[in-house]
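Work through the exercises below with the model open. Each task is followed by a stepwise solution.

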Amino acid sequence: MQIINEEKRQNARLNIAAPLRYQIRGSQDFGNTVTKNISKGGVSFMVDKFIRPQTRLAVDFNILSRNINSIGAVRWAGVLPHSDKYQVGLEFIGITPEDKNYISDYIDMRSYK
């Protein structure tokens, strides 16, 4: 199991705690959690059980009352140190251009405050 400690981000991220619902594609497995950070390319969040990289997830979350629905692929997952929780990095692979631009504009707006 990987311990999270290496930075590989390609896009600017914003720390944000927003409720997130996820479902493993093709199964009944789902969960509710909170985002850790977000970029126009993906989102990071904590889960109670390990989700393997390449697993496809449907995610649903809100930013400033806009509902974002996307399909994503888990790019990395690892145990959080001193915890029984896991952190997941999800890359958006099925997101509308409008939602991607909305996320990017939101990050830009919050970054300049």
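**Exercise 1: the helix**

Helix α1 has 15 residues and runs 21 Å from its first C-alpha to its last, close to the 21 Å expected at 1.5 Å a residue (1.5 Å times one less than the number of residues). This is a predicted model, in which local features need pLDDT of at least 70, side-chain atom pairs count only at pLDDT 80 or more, and totals for chains, interfaces and linings use all residues. Residues are numbered from 1 along each chain as its sequence is written, and side-chain values use heavy atoms, with hydrogens and water left out.

Task: find which residues of α1 are buried and which are exposed.

Solution. 
1. Buried in α1 are Asp99, Ile103, Tyr106 and Ile107 (buried is under 20% relative accessible area, exposed over 50%, with a 1.4 Å probe and protein chains only).
2. These residues lie on the same side of α1, because they cover an arc of only 95° around the axis (taken from the directions from the helix axis to the C-beta atoms).
3. On the other side of α1, Pro97, Glu98 and Asp105 are exposed.
4. The packing partners of the buried residues are β1 (14-15), β3, β5 (56-63), β6 (66-79) and β7.

**Exercise 2: a serine in a strand**

Solution. 
1. Ser39 has a relative accessible area of 1%, so Ser39 is buried.
2. Its side chain reaches the backbone nitrogen of Gly41 at 3.0 Å.
3. Beyond neighbours within four places in sequence, Ser39 is in contact with Asn11, Ala12, Arg13, Phe92, Ile103 and Ile107 (contact means heavy atoms within 4.5 Å).

Technical notes:
A polar contact is a pair of N or O atoms within 3.5 Å; within protein, one must be able to donate a hydrogen and the other to accept it, and residues adjacent in sequence count only if both atoms are side-chain atoms. Helices (H or I, at least four residues) and strands (E, at least two) are DSSP runs, numbered from the N terminus.
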